[in-house]
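Biologist: Hi, could you walk me through this chain? I'd like to start with the overall layout and then look at a few spots.

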Amino acid sequence: MDGAGRLTRSLRSQGPQADLKAAAIGAAVLLREYIGVHLARRRRPARQNVIDREPPNRFIQLVERYLPRRVGLAATLAILFGSAGFGIVKGGHVDEFVATLSDTRNALANTAGFRITTVGINGRKQLSQDEVLAIGGVNGRSSLLFLDAETVRDRLKANPWIADATILKLYPGRLQIDIVERTAFALWQQDGRLSVIAADGAVLEPYVSRRFLNLPLVVGKGADSRAKDFLALLDRYPQVRSVTKVAIFVGERRWNLRLKDGLDIRLPENDVGNALAALSKLDKDDRLFSRDIVAVDMRLPDRLVVQLSEDAGKARDDLFKDKKPKKKPGDSA
């Protein structure tokens, strides 16, 4: 020690050879002790510790005897996956999880050479190619291998414009879509809302584009499903059809016609064809539609009721006043 009470280091090193020799001696001593202890244990019989305990439960014996090996590992994995699934469902991430799995398998299939490189679409008129693909759920990540043709077809048929669809998968990368579109048949108004409908009454669009403004207009509840038959009947009488502006379905039972000049024609519930024929003949013979009237009521089978306009009614009343006989002097009241 130095004068301050600190250990002094040797100024002369003993060299690396001395260090290696000391380490070798220590290792040899440890190895000899380990071998001696091991041989001693093998020479003397092992002492068995006898512990008194109750026999195991019969149920536990059956489980240990018949339960397959590694069932504990399987149960642990099941618990883990179950917990993960519960978390996905509870957190509302099911759709995201399914989408992620779908994108992953599609990416693998695309890498393997099943990417959709060509798409052919036949039969479209109102819908664009991008709209058809979007409706069918086909996008840039889709692979032909995992594309479900039946699902794509169902999605397409759920669109009101598409009446039928056929999907063909042509490996390795071509998709063929053939669709049958519905045709815009008429405009239908109900509760102030105007829609484009097909001949079967299906609503094609909840709004009106300019290209549909020349379609016939039907109004009223139930008019969408009854318009096809009534307009076909009206087409048989072009003299009436040419001046008709709107057909109104009243009480889901009968039709009224509103002509372009504002004249209302109240048709009967039955024998509509005969009423239209009589109406056409009246206009041809007596120019009915050109007269100063506001309504023609044909609901009664044995008579025709005509409602004059206000001016025509006043003129008619004045005419009858002038034709009344004047009283002579001396006549009693």
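Biologist: Okay, how many helices and strands does the chain have?

Modeller: There are ten helices and twelve strands, taken as DSSP runs numbered from the N terminus (helices are H or I, at least four residues; strands are E, at least two). This is a predicted model, where local features need pLDDT of at least 70 and side-chain atom pairs count only at pLDDT 80 or more, while totals for chains, interfaces and linings use all residues. Residues are numbered from 1 along each chain as its sequence is written, and side-chain values use heavy atoms, with hydrogens and water left out.

Biologist: Thanks! What is the order of the strands in the open sheet?

Modeller: The open sheet has nine strands in the order β6-β5-β4-β7-β8-β9-β10-β11-β12, and the pairing is mixed. Two strands pair if DSSP finds at least two bridges between them.

Biologist: And which strands stand at the edges?

Modeller: Those are β6 (203-205) and β12 (305-308); each has a single partner strand, so one side of each is left without a neighbour in the sheet. From one strand to the next, the twist averages 30°.

Biologist: Which helix packs on the sheet?

Modeller: Helix α7 (residues 223-234) does, touching β4, β5, β7, β8 and β9. Its direction makes about 65° with that of β9. Axes are lines fitted to C-alpha atoms, for helices over the stretch in contact, and angles run from 0 to 180 degrees between N-to-C directions. Contact means heavy atoms within 4.5 Å.

Biologist: Let's zoom in on Asn 256. Is Asn 256 buried or exposed?

Modeller: Asn 256, in strand β9, counts as buried because its relative accessibility is 16%. Buried means under 20% relative accessible area, exposed over 50%, and partly exposed in between (1.4 Å probe, protein chains only).

Biologist: So what does Asn 256 touch?

Modeller: Leaving out residues up to four places away in sequence, Asn 256 touches Val 246, Ala 247, Ile 248, Val 250, Ile 265, Arg 266 and Leu 267. One of these, Ile 265, stands opposite Val 296 in β11. Strands β10 (residues 264-266) and β11 (residues 293-297) pair in the parallel sense over three bridges.

Biologist: Nice. Changing topic, where is Phe 146 found?

Modeller: Phe 146 is in the loop between α5 (129-136) and α6 (149-157). It counts as partly exposed because its relative accessibility is 35%.

Biologist: Last one: what share of the chain is buried?

Modeller: Buried residues make up 25% of the 333 residues.
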